[in-house]
Amino acid sequence: MRIIEEIIGKEVLDSSAIVIGKVKDVEVDFETQSLESFILGKGGISEGLGISKGETIVPYDIVKKIGDKILLKNVIEEVEEEA
């Protein structure tokens, strides 16, 4: 999928615009052809060498916007709005 190639390597920012990592892989549901989650690496030289164990899985549901960077929703605010 071409979209996956465009997403891998993008920085992911939380709702406060703090970088939490870079996308190193994407989980896709091939039956529905939809994105499930992003797998983030923490960066640094160990990430570049492929020996970093620090991974974060970000569900696609909490993604607010994808552009040059990926911005996440403020999950706490969203829960309050639903209540």
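User: Is Phe-38 buried or exposed, going by relative accessibility?

Analyst: This is a predicted model, where local features need pLDDT of at least 70, side-chain atom pairs count only at pLDDT 80 or more, and totals for chains, interfaces and linings use all residues. Residues are numbered from 1 along each chain as its sequence is written, and side-chain values use heavy atoms, with hydrogens and water left out. Buried means under 20% relative accessible area, exposed over 50%, and partly exposed in between (1.4 Å probe, protein chains only). Phe-38 has 1% relative accessibility, so Phe-38 counts as buried.

User: Which aromatic residue pairs with Phe-38, and in what geometry?

Analyst: Rings of Phe, Tyr and Trp (its six-membered ring) pair if their centres lie within 6.5 Å; planes under 30 degrees apart are stacked, over 60 edge-to-face, the rest tilted. A search of the whole structure finds one such pair. The ring centres of Phe-38 and Tyr-60 lie 6.1 Å apart with planes at 85°, so the geometry is edge-to-face and the partner is Tyr-60.

User: Where in the chain does Tyr-60 sit?

Analyst: Helices (H or I, at least four residues) and strands (E, at least two) are DSSP runs, numbered from the N terminus. Phe-38 is in strand β3, 22 residues apart from Tyr-60. Tyr-60 lies in the loop between β4 (55-59) and β5 (63-66).

User: Which residues have the most contacts inside the largest nonpolar core?

Analyst: A nonpolar core is a set of buried Ala, Val, Leu, Ile, Met, Phe, Trp, Tyr and Cys residues joined through side-chain atoms within 4.5 Å. The largest one has 13 residues. Two or more residues come from each of α1 (2-7), β2 (19-29), β3 (34-41) and β6 (70-72). Those with the most contacts inside the core are Ile-7, Val-23, Val-26, Phe-38 and Ile-70.

User: What pattern does the chain follow along the sequence?

Analyst: The secondary structure comes to three helices and six strands. Read along the sequence, the pattern is α-β-β-β-α-β-β-β-α.
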